[in-house]
Amino acid sequence: MTEKKGREVSESCVDSLLTEMVSTYCNRFYANKPELAARRIEAIGYQVGHQLSERYTMERPRFNDHLEAIKFICKDFWSELFKKQIDNLKTNHRGTFVLQDNRFRWLSRISIDPSLENGDSQDPSAMAESKAAQATSMHLYFPCGIIRGALSNLGIPCAVSADISNLPACSFVVRIKA
Amino acid sequence: MQFFGGSEISPSPPAPTVSGNNAHMVYVFNRNGVCLLYREWNRPLHTLNAQQDHKLMFGLLFSLKSLTAKMDPTSAERGNLGVPQLPGQGCSFHSFRTNTYKLSFMETPSGIKIILVTHPRTGDLRDSLKYIYNLYVDYVMKNPLYTPGSPIRSDLFITTLDQYVRSIA
């Protein structure tokens with residue numbers, strides 16, 4: 001009886017690779033064009049999510065409805081990617097789902113400079129803080145793309161955005177296209 | 001050769017003590033002498049301004065390392081003084097003690113120097129310094145918003161460091 005040997009990848013390598021990817025797209029390829037950089041990163045995530053969902057649903061039957069597919073994303077898919085499940089799922093029963101991860105792994109080490117909040121005048125500190133927030137939000141396009149790619153491979157076209165008003169918790173908002 | 005232990009942060013810190021911070025101050029320098037972090041919890045006397053103080057500390061460590069390597073009676077080879085080595089290899093001092101404080105030092109292969117100044121009866125702090133280095137790797141080096149070589153401003157790192165140092169009895 002042979003034991004199924006799992007292949008493993010170093011987590012530090014993946015983290016560093018993602019950091020570099022975001023940094024390269026934002027600062028080198030599309031410097032000063034954050035919307036284009038965001039779209040490219042999201043497109044990469046889309047491809048990755050597409051392929052991953054193919055892999056992780058190999059032995060499963062088709063999903064009956066959208067809720068089943070979203071629950072798959074929250075439980076099995078998230079566990080394969082981040083070794084934990086989504087902590088909280090909310091829906092308005094009209095095609096919008098909010099997936100909340102209370103400690104999103106890829107953001108767990110981001111820390112915004114506290115000295116930026118002690119500006120004398122309002123404008124420079126507000127601008128600096130929003131730059132940090134913008135830099136952080138660039139790291140979210142990849143996971144949003146992954147979710148969008150996975151769902152579209154399951155036959156559910158949608159739009160995904162992220163909300164980080166509450167670091168290190170992160171909420172992904174999925175709007176299914178009618 | 002795994003030097004700094006597994007991928008998880010280890011060892012886990014003991015429970016925090018009730019009294020305030022036992023340590024006096026901590027410095028973190030990088031390979032080029034840039035002071036990445038300076039925290040003080042308990043230092044009534046300031047003789048120099050911050051910049052001079054950091055330069056003095058870095059120079060002191062450089063000289064001490066050089067001196068201890070040159071005076072080593074057990075080693076036949078000179079060793080390369082400019083290059084950081086694995087802790088335990090070559091000859092490098094790790095602490096000195098006076099009647100009022102103890103200074104503990106660790107240099108990593110990447111040239112990061114961590115200095116912790118505590119009260120004189122503190123035991124061997126090498127494991128604690130390793131733990132602090134692990135914190136540095138996790139919260140500073142892995143922070144996508146951090147530029148290597150610039151002063152550390154990560155809230156997460158500083159808070160965790162404060163808590164950990166408080167727990168070193």
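**View 1. B:Lys113 and B:Glu107, two buried residues of a predicted model.** In this predicted model, B:Lys113 and B:Glu107 are both buried, where buried means under 20% relative accessible area, exposed means over 50%, and partly exposed lies in between (1.4 Å probe, protein chains only). B:Lys113 forms a salt bridge with B:Glu107, and the closest N and O atoms are 3.2 Å apart. A salt bridge is a side-chain nitrogen of Lys or Arg within 4 Å of a carboxyl oxygen of Asp or Glu. The side chain of B:Glu107 also meets that of B:Lys65 in a salt bridge, at 2.5 Å from N to O. This second pair links distant parts of the chain: B:Lys65 belongs to helix 1 (residues 50-70) of chain B and B:Glu107 to strand 4 (residues 102-107) of chain B, 42 residues apart. B:Lys65 is buried, as is B:Glu107.

**View 2. Chain B and its elements.** Chain B has three helices and five strands. Helices (H or I, at least four residues) and strands (E, at least two) are DSSP runs, numbered from the N terminus. Read from the N terminus, the elements of chain B follow the order β-β-α-β-β-β-α-α. Of the 169 residues in chain B, 38% are buried. Contact means heavy atoms within 4.5 Å; among contacts in chain B between residues at least 6 apart in sequence, 54% join residues at least 24 apart. Chain B exposes about 9,600 Å², and carbon and sulfur atoms supply 54% of it. Accessible areas come from the Shrake-Rupley method with a 1.4 Å probe, and for residues only the protein chains shown count as cover.

**View 3. The interface of chain A and chain B.** The contact takes 14 residues from chain A and ten residues from chain B. About 1,100 Å² is buried between the two chains, 60% of it on carbon and sulfur atoms; buried area is the accessible area (1.4 Å probe) that two parts lose on being put together, summed over both. Two residue pairs across the interface are in polar contact, both at pLDDT 80 or more. A polar contact is a pair of N or O atoms within 3.5 Å; within protein, one must be able to donate a hydrogen and the other to accept it, and residues adjacent in sequence count only if both atoms are side-chain atoms. On the side of chain A that touches chain B, the elements giving two or more residues are helix 1 (11-29) and helix 4 (122-138) of chain A. Helix 4 of chain A gives the most to this side, with three residues.

**View 4. The salt bridge between the chains.** The count between chain A and chain B is one salt bridge. B:Asp138 forms a salt bridge with A:Arg109, with the closest N and O atoms 3.7 Å apart. A network of salt bridges links A:Asp15, A:Arg109, B:Asp138 and B:Lys142.

**View 5. A:Glu42 in helix 2 of chain A.** A:Glu42 lies in helix 2 (residues 34-56) of chain A. A:Glu42 counts as buried, at 14% relative accessibility. Leaving aside neighbours within four places in sequence, A:Glu42 is in contact with A:Tyr141, A:Cys144, A:Gly145 and A:Arg148.

**Notes to the views.** Residues are numbered from 1 along each chain as its sequence is written, and chains are lettered from A and ligands numbered from 1 in the order in which they are written. Local features need pLDDT of at least 70, side-chain atom pairs count only at pLDDT 80 or more, and totals for chains, interfaces and linings use all residues, while side-chain values use heavy atoms, with hydrogens and water left out.
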